[in-house]
Amino acid sequence: MTTSYRASGGREAWKSDGGSAQHTLSARGSRLGPGKGAFAAVGAVFILFLAASSAPSPLYAVYQQQWHFAAWALTVVFALYVLGLLAALLTVGSLSDHLGRRPVLAAAIALEAVALLLFLVAGNVYVLSAARVLQGIATGAATTTLSAMLVDLEPSRGRAGVVTSIAPLGGLAAGALGSGLLVELAPAPTRLVYALLLAAMAAAAVAVARTPETSPRRPGAAASLRPRVAMPAYLRADFVPLIPAGVAAWALAGMYLSLGPSVAAQLLGLRSHLIGGVVVTLLAGTGALAITLLRSRPAMSLLAPSSAVLGLGTLISLAGVMQDLAWLAAAGTVVAGLGFGASVLATFGTLARVARPGERSAVFALANVINYLGNSVPAVLGGIAATTLGLRTATEIYAPAIVVITLSSLVLRLKAKRRGPAPAAAHGTPGA
C-alpha cells in the first residue's frame, strides 16, 4: 500500500513537488552513477519481496491440516504479518533517507532470510507466527526503501511510477501462484518454496551489493524513527470518502490471502493446492492489470467507479460460493480485482494530489494505518466467525459487509461531487 502511493500517486506527487526536488534527484543519480542494469535489479528485488510475502497463502490449508489449528489462528498468523509490516512502515519508512538505501535494504534482506529460515523449519503455528512477524517487518522496511531507490535511479516520472504501481500486486500474484504450483507438483510442499526463496534472497543481496548508493548519509536518523500520522483539516472532505474505499479493498484482499484457499477447497470442492495460488492471483493479478491500464486516468475520477466494481465483483463471487459454482466465483474475483486495483490507484493517487508536500508523509502514514487495519482486523474476525459459525456462514457475512462498506464510499464520493471541488488554494498544491 505504501508502494502504491508512489505508483498510484507518484506521478501527481512529483508534479506537485515542483521541479527542484526532481532536479536534485537527477543530479544525485548522476553524481553517484546509477549503473547499468541497476534499475531492473531493484525492480526485481521489489517483486521478490512481495512474492515472498504471499508464498505462504497456498500453504495455510496444508499447515491447518498437518497441525490441526482453528481457522481463527490462521487469520491471526496473517494479521501478525500485517502488524509487523505496519510497524516497519511507521518507524523505518524514511530511515534510508538518512542511512542510505543500501544499508537499510541489506538489513531488510537479512531479516527476510531469517524469516524464511523459520518458515523452512516451522513445525507449529508459533514458529509460523514468528516468521510472519519478521517477514512483515522486513517487507515494510524493504518496500519503502526500494520505492525511493527506483525514483532515485530514474526520477523522470516514467518507469519508476509504473514499477512501483505494479510490483506490489504483481508480486503478490506471482508469489501465490508460484507457491501453489510447487505445493501441487513438487516434493516437500512446506519446504521447497522457502528454500527457493532463500536462494533468491541471496541473489538479491548480491544484486544490492553491486547497486550504487543513491542517497548519501545525512543526520536525523534517530528522529526519523518517530511515527508521524496526520489528517490536516483541509483534507477531510477528500480523505473521508477514501476511508471506506481503502478498508473495503484491503479487507477483501485480507480475506483472499487468509481464507481464500480454504473457501476454494472446502466450499467449492477445489482440492488442488494450486487453486489456493490461483485464487490470490485472480484478485491481485487483475488488480495489477487494472493499475497498468488506468494509471494515466485522474485518480479522483476513479473512486466512485472502483467502489461500484469492487462491490459488484464481491457479490458475484459470493453468489458463486453460495451456488457452488466455481466459475462464477472466479469471474466475480476478476471483477473484484479490477475494482481492487482501481481503488488502490484512486485512494493513493488522490492523496498524492491534494496533500501538501510537507505533510504528505504523515498523511500517507495515516492512510496506511487505516488500510492495514482494514486488511487485518476483518480477516481475524472472519477467522473467528469461521471457527464458531462455519466457513460458509462466515463467508456469507464477510462478503456483504464489504459490499456495504463499498456502497458507503460510493455515496460519500457522489455527495462530494455534488458539492463541487474544493478551491485549489485550500489544498495548497499547484494544479490541484
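Trainee: How are α3 and α10 oriented to each other?

Mentor: Two packed helices are described by the angle between their axes and the distance between the axes. In this predicted model, α3 (residues 38–54) and α10 (residues 192–210) pack at an angle of about 150°, and their axes are 10 Å apart. The two helices are therefore roughly antiparallel. Angles over 145 degrees count as roughly antiparallel, under 35 as roughly parallel, 65 to 115 as roughly perpendicular, and the rest as oblique. Axes are lines fitted to C-alpha atoms, for helices over the stretch in contact, and angles run from 0 to 180 degrees between N-to-C directions. Helices (H or I, at least four residues) and strands (E, at least two) are DSSP runs, numbered from the N terminus.

Trainee: Which residues of α3 and α10 meet?

Mentor: Contact means heavy atoms within 4.5 Å. From α3 come A41, V45, L48, F49 and A52; from α10 come L197, A200, M201, A204 and A207. By class, this contact has 10 nonpolar, no polar and no charged residues. Ala, Val, Leu, Ile, Met, Phe, Trp, Tyr, Cys and Pro count as nonpolar; Asp, Glu, Lys and Arg as charged; the others, Gly among them, as polar.

Trainee: At what angle do α16 and α17 pack?

Mentor: Helix α16 (residues 303–322) packs with α17 at about 160°, with the axes 7 Å apart. That makes α16 roughly antiparallel to α17. Their contact has 15 nonpolar, 9 polar and no charged residues.

Trainee: Where is S343, and what does S343 contact?

Mentor: S343 lies in helix α17 (residues 326–354). At 2% relative accessibility, S343 is buried. Neighbours within four places in sequence aside, S343 is in contact with A245, A249 and S306.

Trainee: What about phi in H68 and A188?

Mentor: Most residues other than glycine have a negative phi. H68 is not a glycine, yet has a positive phi of about 60°. H68 sits in the loop between α4 (60–67) and α5 (71–91). At 67% relative accessibility, H68 is exposed. Phi of A188 is also positive, near 50°. A188 is in the loop between α9 (159–185) and α10. With a relative accessible area of 41%, A188 is partly exposed.

Trainee: How many helices and strands are there in the protein?

Mentor: There are 20 helices and 0 strands. Of the 432 residues, 55% count as buried. Among contacts between residues at least 6 apart in sequence, 87% join residues at least 24 apart.

Trainee: What conventions apply?

Mentor: Residues are numbered from 1 along each chain as its sequence is written, and side-chain values use heavy atoms, with hydrogens and water left out. Local features need pLDDT of at least 70, side-chain atom pairs count only at pLDDT 80 or more, and totals for chains, interfaces and linings use all residues.

Definitions and conventions:
Buried < 20%, exposed > 50% of the residue type's maximum accessible area, 1.4 Å probe, protein only.
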